Structure formats: C-alpha cells, structure tokens
Amino acid sequence: MTAALYPGTFDPITLGHVDIAERAAVLFERVVVGVYDTPAKTLMFSTEERVDLARGALAHVPNVEVLPYHGLTVDFAARCGAAAIVRGLRAVSDFEVEMQMAHQSRAIRSDVDYVCLMTKLEYSFLSATLMKEVARLGADVDKLVPENVARALAARFASAPQPDAVPRFLNA
Ligand code: ADP
C-alpha cells in the first residue's frame, strides 16, 4: 500500500489544506495528515483542537486519517510507512521554502521523498495566519475554511476580549 504523510501546523485547517489532502488521497492509497504539535509559531488552537478540526474537515475522504505528532517529520513519515511527504504549493515563494525543507529532510533520511501539489487557483492567496487575522477583525471567512472551522473561529472570537474601539492611550 502506498502511503503519504501530509504534515503541517493546520492552525486551523483551511480549504487550501483540504484541497491538497483531497488531491493526495487520489494519488496515494493512504494519506496521514500529520498535525505537528510544537511549531515555532504562536498557535490559536491546541494540538487536540487542530486534530479534531482537521478530522471533521476531512471526514468525507475515507483514505485520510489525521494524527498528531512531535519530533522530526521524516521520522514520523517513516513510522507511518509513508513513501512520500506531501506539501502544498501556492506560489513560487512556497516552492523555495519547500525545496530547502526537502533537501534538509533528505540529508537526515533518504528513504522518504517529497511530492509538492499545486493548490486550486482560488486558494493560492490563502494563508491560515492571514485568514485568522481578518477573521479576528470581523471579516467573513466562510469561503476560506470548512464549516466546522468557521464555527470554531466564531466561538473563539465570541469568547475572546474584543479589541478596544478607542486606542488605549485616549482612555488613560
Ligand atoms: P507549516 O507551518 O508546516 O507551513 P501549514 O499548516 O501552514 O504548516 O501548511 C501545511 C502545508 O499546507 C504546507 O505545505 C503549506 O505550503 C500548505 N498550504 C498552506 N496553505 C495552503 C493553501 N492555501 N493551498 C495549498 N497548500 C497550502
């Protein structure tokens, strides 16, 4: 069985990520979406929440499973029995980063290869970081994220303190 690992932070999973996972599921018999637990980024959702959101968003793809992981991505790929690591490309700028990661990973382990898949044009501008920022400011992101993620974002912002309408120094 040819398996692939699609690793990432998925904070939270967007329709761009879903698009890549669906494409990988056509090419590989089994796809593990690996949710990295300790990225060097400030996270909005915990590992458990990111896994749950990704599971909900990909429940319609039977040969995809979502698992958390820590440590080296290449080691997790080998533990999953994955022949390839799948990554999504939005633009040439992604390619440069992925190329560097692929060579770095190959220097650690040569038995796992990299496969980059191009996202749909409509998601080529979509980044989870930017999406969270505009969602926090009240923009409608329903066309950018799966329904379960849109609900989770709405709940998160409803319970978070709202940004001050008036700059703080004016209230001092
Ligand atoms: P990482 O922090 O490892 O980049 P992300 O969760 O941001 O993790 O992204 C995981 C993978 O999904 C990466 O390969 C990234 O390039 C890709 N990706 C992110 N956004 C999109 C998108 N809109 N369309 C296609 N691929 C995407």
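Predicted model: local features only at pLDDT ≥ 70, side-chain atom pairs only at ≥ 80, totals over all residues.
Me: Let's start with charges. How many salt bridges are there in the whole structure?
Reply: A search of the whole structure turns up 10 salt bridges.

Me: Okay, what does lysine 132 pair with?
Reply: Lysine 132 makes a salt bridge with aspartate 11, and the closest N and O atoms are 2.8 Å apart. Lysine 132 belongs to helix α5 (residues 128–136) and aspartate 11 to the loop between β1 and α1, so the pair ties together parts that are 121 residues apart in sequence.

Me: Are those two buried or exposed?
Reply: Lysine 132 counts as buried, with 13% relative accessibility. Aspartate 11 is buried too, with a relative accessible area of 5%.

Me: And aspartate 19, which side chain does that one meet?
Reply: Aspartate 19 meets arginine 23 in a salt bridge, 3.1 Å from N to O. Both residues lie in helix α1, four residues apart, which is about one turn of the helix. Aspartate 19 is buried at 4% relative accessibility, while arginine 23 is partly exposed at 32%.

Me: What about arginine 109, what's its salt-bridge partner?
Reply: Arginine 109 pairs with aspartate 75, with the closest N and O atoms 3.4 Å apart. This pair links distant parts of the chain: arginine 109 is in the loop between α4 and β5, aspartate 75 is in helix α3 (residues 73–79), and they are 34 residues apart. Arginine 109 is partly exposed, with a relative accessible area of 27%, and aspartate 75 is partly exposed as well, at 26%. Salt bridges with shared partners join Asp75, Arg109 and Asp111 into one network.

Me: Switching to cysteines. How many disulfides?
Reply: The count comes to zero disulfides. Cysteine 80 is in none, and the nearest cysteine sulfur, that of cysteine 116, is 18 Å away.

Me: Now threonine 14. Where does it lie?
Reply: Threonine 14 is in the loop between β1 (3–8) and α1 (15–27). With 3% relative accessibility, threonine 14 counts as buried.

Me: What does it touch?
Reply: Not counting residues up to four places away in sequence, threonine 14 touches Leu126, Ala128, Met131, Leu144, Val145 and Pro146. Also, a polar atom of the threonine 14 side chain lies 3.2 Å from the backbone nitrogen of glycine 16.

Me: And tyrosine 114, where's that?
Reply: Tyrosine 114 sits in strand β5 (residues 113–118), and it counts as buried at 17% relative accessibility. Leaving aside neighbours within four places in sequence, its contacts include Ile85, Arg87 and Glu98.

Me: Last one, the surface. Which residues make the nonpolar patch?
Reply: Val92, Phe95 and Met99 make a nonpolar surface patch of about 290 Å². Phenylalanine 95 is in helix α4 (residues 92–108) and is partly exposed, with a relative accessible area of 40%.

Terms used. Residues numbered from 1 in each chain as written. Heavy atoms only, no water. Helix = DSSP H or I, 4+ residues; strand = E, 2+ residues; numbered from the N terminus. Buried < 20%, exposed > 50% of the residue type's maximum accessible area, 1.4 Å probe, protein only. Polar contact = N/O pair within 3.5 Å; in protein donor to acceptor, adjacent residues only side chain to side chain. Contact = heavy atoms within 4.5 Å. Disulfide = S-S within 2.5 Å. Patch = residues over 30% accessible without salt bridge, like charges linked within 9 Å, V, L, I, M, F, W, Y side chains within 5 Å. Areas by Shrake-Rupley, 256 points an atom, 1.4 Å probe, with all protein chains shown as cover. Salt bridge = Lys/Arg side-chain N within 4 Å of Asp/Glu carboxyl O.
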